[in-house]
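Here are my notes for you to read alongside the model. Keep the viewer open and look up each spot as you go.

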Amino acid sequence: MSEEPRPFSDPASVAVVGASADPAKWGHWLARGALTGEDRRRVYLVNSRGGAVVGRVPYASLSDLPEPPELVVFSVPARAVPEIVDEALELGARGLVGISDGIEDDYELARRVRAGGARLLGPACLGLFDAETQLELAWGQFEPGALGIVSQSGQVGLELAGLAASAGIGVSRFVSVGRQADLTLEEMVGELVEHESTRVVAIYAESFGDGRELVRTITRLTEADKPVVVLTVGESHAGRTAARSHTGALTSSLDVVDAACRASGAVRVRTPAEVVDLARYLQLTTRPKGKRVAIVGDSGGQGAVAADVTARAGLRVTPLPAVLAARIEAGLPDAANSINPIDLAGGGEQDLRSYARVVRELTGSGEVDSVLLTGYFGSYGEDTPTLRETELGVVAELGFAVHRTGIPVVVHSMSADSDAVRALRDCGVPTYHTVEAAAGALGTASQFAPPWPLPLVWGSAAPVGEGYLAARDLVASAGVRFPAGEAVTDRESLLAAAERLQPPYALKADFLAHKSDSGGVALGLTDAMSAVWTLEDMLHKLGPGRYVLEEMDTRESTVEIIIGARRDPAFGPLVLVGAGGTDAELQRDTTIELGPVDTERAMTMLRRLRCYPLLDGWRGREPLDVKALAETVAAVSSVLAGCAAVAEIELNPVRVGADGVVAVDALLTRAGEERT
C-alpha cells in the first residue's frame with residue numbers, strides 16, 4: 001500500500017470549505033466534526049459569506065489560511081469546485097475530500113488533482129471518520145469501536161454505522177468512496193490492514209474496479225485475522241450472454257462475487273442487518289470450525305423452529321451419539337429430548353444450572369462445532385428477580401465453557417437487553433433477539449475459510465481461429481480429450497474421412513455456436529452414406545462451409561458435465577463446472593471460481609455440485625474418473641487464463657466415464673467478438 005492515502009487517515013491540518021452555521025447543511029456537520037479533533041490537528045473553517053460557524057469566524061478563502069492545509073474537504077456548489085481545487089493544489093494540499101456532486105467531469109478533476117501531487121476521495125462521497133486519529137469529516141455521529149466500514153454508497157455506509165451503534169458496536173473507520181474518480185474502494189480497504197483498532201471489516205460495493213487486486217487486498221486482511229464481510233447487489237447478467245453460451249447464462253454477478261470471497265477468505269451477506277449481526281458475532285467469539293450445531297432450549301417448539309432456521313443457514317443439526325445423549329439426559333425431566341435439538345422440557349425452569357451443565361457436555365464432547373441456546377434464557381432474572389444471581393452464574397459458566405474449549409455458543413433470548421443478556425456479551429457469548437438473526441450469524445460465520453493463492457494471469461496475445469475445430473484444437477492442446485474427427489466440406493471429403501473414422505458418426509456445422517437449435521448437428525449416423533445424405537441436407541439448409549465428421553462416444557453409464565471459462569471485466573478469468581447437456585440452464589447445478597484453478601481446487605468445485613454423487617458411485621454404481629474430470633476443468637481454466645485473445649470457452653457436454661473424460665462439443669468466443 002502506498003503512503004499517498006495517509007492524508008485521509010491522520011492529517012496535520014484540515015480545512016473545511018463550505019463550513020456552515022445551518023445544521024441542515026453538510027458544511028455544518030463537517031465543521032462540527034472536524035473541530036472534535038482540534039486537540040490533534042489544526043482545523044480551519046472556510047466560508048466566503050462570513051458569519052460565525054460553530055462559534056468560529058471562518059476564513060474567506062483557502063488563500064487566507066495561515067498555513068497550507070494538508071487535507072481539504074469541500075461541500076460547495078459544483079460550479080465552485082474547480083476553482084477551490086486549483087487553489088488547494090496551488091497551496092500544496094495533499095488530499096481532497098469531495099462531498100459535492102454534479103461536477104461536470106469527475107475524472108478530469110481527478111487528473112488535475114493527481115497532476116498537482118495530491119489525491120482525491122470522491123467526489124459525491126459522504127466523507128470519512130477515523131476513531132484512532134479523531135478525524136471526523138462526515139454526516140452524523142460515530143461511536144468508536146472495532147468495525148471498519150468502506151462503502152461505495154454513502155447512505156448504505158451510514159446505515160451500517162447506525163445499525164452497528166444500535167447493536168452496541170462502534171466504528172473504527174468509516175470511508176465513503178463516492179464516484180472513485182481517483183482513490184478507489186480497494187485502496188481504502190487496504191488502509192485497514194494496518195489500522196490497529198479495526199478488527200472486522202464491512203465492505204459495500206456495487207462495482208469492483210480491479211477485482212483481482214481487491215481480492216489480494218482482502219486476502220491481506222484475512223491473513224491479518226481481520227474477517228471481511230461483503231455486501232453487494234446485482235441481478236443476473238444472463239440476458240446479455242445467454243444467446244452465445246450456457247456459461248454466460250449460468251453465471252451472475254453475485255456468483256462472481258461469491259467466488260472472489262472464497263478466494264480471499266471473505267463472506268458475502270445480503271442485507272445491512274446481516275452485516276451487523278455477523279459483526280457482533282465476530283467481535284465477541286471464535287468462528288466455528290465446522291457445520292455441526294447443537295440446539296438447546298426449554299421449549300420443544302422453539303427448538304424445532306431453531307432447527308429449521310439453522311438448517312436454512314447451512315448448518316447441520318445431526319443426532320448426538322447415544323453416550324453423549326445419555327449424559328445430557330441425566331437429571332432432566334422424563335419428557336426431555338437429548339437427541340438434537342435438545343429440549344430441556346422444563347428442566348431449565350426447575351434448575352437454571354441445567355443450561356450450564358448441558359452446554360459443558362456439548363462443548364467438551366468433540367461432537368459439535370457450535371451451540372445455539374434458544375428461547376427464554378436471559379429472561380429468567382428479568383421476570384423473576386430472585387433468579388437474577390443464579391442466571392448470571394450460569395452466564396459465567398457459559399462464558400468459561402467457550403473460553404476453555406473454543407466452541408462458540410450463541411444465544412437467542414426472548415429478552416432484548418436484560419442483565420443476563422449484557423453479561424453474556426461481556427463474556428464472549430453473542431446474543432440476538434430473534435432466532436433467525438442468531439442462526440444467520442452463526443451460519444455465516446461457519447462459512448469463513450482460509451484464502452487460496454490467486455495466480456497471476458499472463459495472457460498471450462496470440463490469435464485464435466473461429467469455429468468448433470479451432471476451439472477443439474486449442475483446448476486439446478492443453479490435454480483435453482476429444483473424439484477423433486476431421487473437417488469436411490462436400491461428399492468426397494466426407495467419404496474420405498469416413499474411411500479413417502469409426503462409426504457411429506456425428507456430423508456438426510463447424511461455424512454454428514448453438515448447433516442443436518439450428519439443425520447443425522446430427523448424431524448416431526451408422527455408416528458413410530447416411531453421413532453423406534445428412535451433409536447434403538445440411539448444405540441445403542445451412543449453406544456451404546466447413547463441417548466436422550466425428551466419431552461418437554458410445555460408452556455407457558457416463559454423466560454429462562459442462563465446463564466453461566470466461567473473462568469477467570472486474571475479476572478476470574473465471575471457471576465454471578456443473579451438470580451439463582442441453583438442460584444445463586434448467587438444472588442450474590453449477591459452481592464457479594476465479595481462475596486459473598489447479599486440480600485440487602477443481603476437485604473442491606466438483607464436490608460442491610448436487611450431481612457429484614452421480615460421479616462418485618451413486619447407489620453402488622462404478623465410480624467415474626473424477627480425477628480426470630478435475631484435470632480437464634483445470635486445463636480449460638488455464639487455456640483461457642493464458643490466451644488473452646479468448647473471451648470465453650465452453651465444453652458441453654463433457655462425458656465422464658469410469659475410464660476417462662471425453663469432450664464432445666466446444667464453443668469459443670474471441671475477445672471483442674459479439675455474442676450472437
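1. First, a term you'll need: two residues are in contact when they have heavy atoms within 4.5 Å. Also keep in mind that what you're looking at is a predicted model.

2. Let's start with Lys508, which sits in strand β19, residues 505-509. Leave out its neighbours within four places in sequence, and Lys508 is in contact with Tyr468, Lys515, Gly520, Val521, Tyr547, Val548, Glu550, Val664 and Asp665.

3. Is Lys508 buried or exposed? Its relative accessible area is 5%, and buried means under 20%, so Lys508 counts as buried.

4. Now zoom in on two of those partners. The side chains of Lys508 and Tyr468 make a polar contact of 3.4 Å. With Val664, the side chain of Lys508 reaches the backbone oxygen, at 2.2 Å.

5. Next, find the open sheet of seven strands. Going across, the order is β7-β6-β9-β8-β10-β11-β12, and the pairing is mixed. Strands β7 (135-138) and β12 (267-269) are at the edges; each has a single partner strand, so one side of each has no neighbour in the sheet. From one strand to the next, the twist averages 25°.

6. Inside that sheet, have a look at β6 (residues 127-130) and β9 (residues 171-176): they run antiparallel and are joined by three bridges.

7. Two peptide bonds deserve a look. Pro503 and Pro504 are joined by a cis bond, with omega about 0°, and Pro504 is in the loop between α19 (491-500) and β19. The bond from Asn652 to Pro653 is cis too, with omega near 5°; Pro653, though, is found in strand β25, residues 646-657.

8. Finally, check a couple of backbone angles. Asp225 isn't a glycine, yet its phi is positive, at about 60°. You'll find Asp225 in the loop between α6 (211-223) and β11, and it is exposed, with a relative accessible area of 54%. Asn340 isn't a glycine either, and has a positive phi of about 125°. Asn340 lies in the loop between α11 (322-329) and β14 (342-343), but this one is buried, at a relative accessible area of 9%.

Notes:
Residues are numbered from 1 along each chain as its sequence is written. This is a predicted model: local features need pLDDT of at least 70, side-chain atom pairs count only at pLDDT 80 or more; totals for chains, interfaces and linings use all residues. Side-chain values use heavy atoms; hydrogens and water are left out. Helices (H or I, at least four residues) and strands (E, at least two) are DSSP runs, numbered from the N terminus. Buried means under 20% relative accessible area, exposed over 50%, partly exposed in between (1.4 Å probe, protein chains only). A polar contact is a pair of N or O atoms within 3.5 Å; within protein, one must be able to donate a hydrogen and the other to accept it, and residues adjacent in sequence count only if both atoms are side-chain atoms. Two strands pair if DSSP finds at least two bridges between them. Axes are lines fitted to C-alpha atoms, for helices over the stretch in contact, and angles run from 0 to 180 degrees between N-to-C directions.
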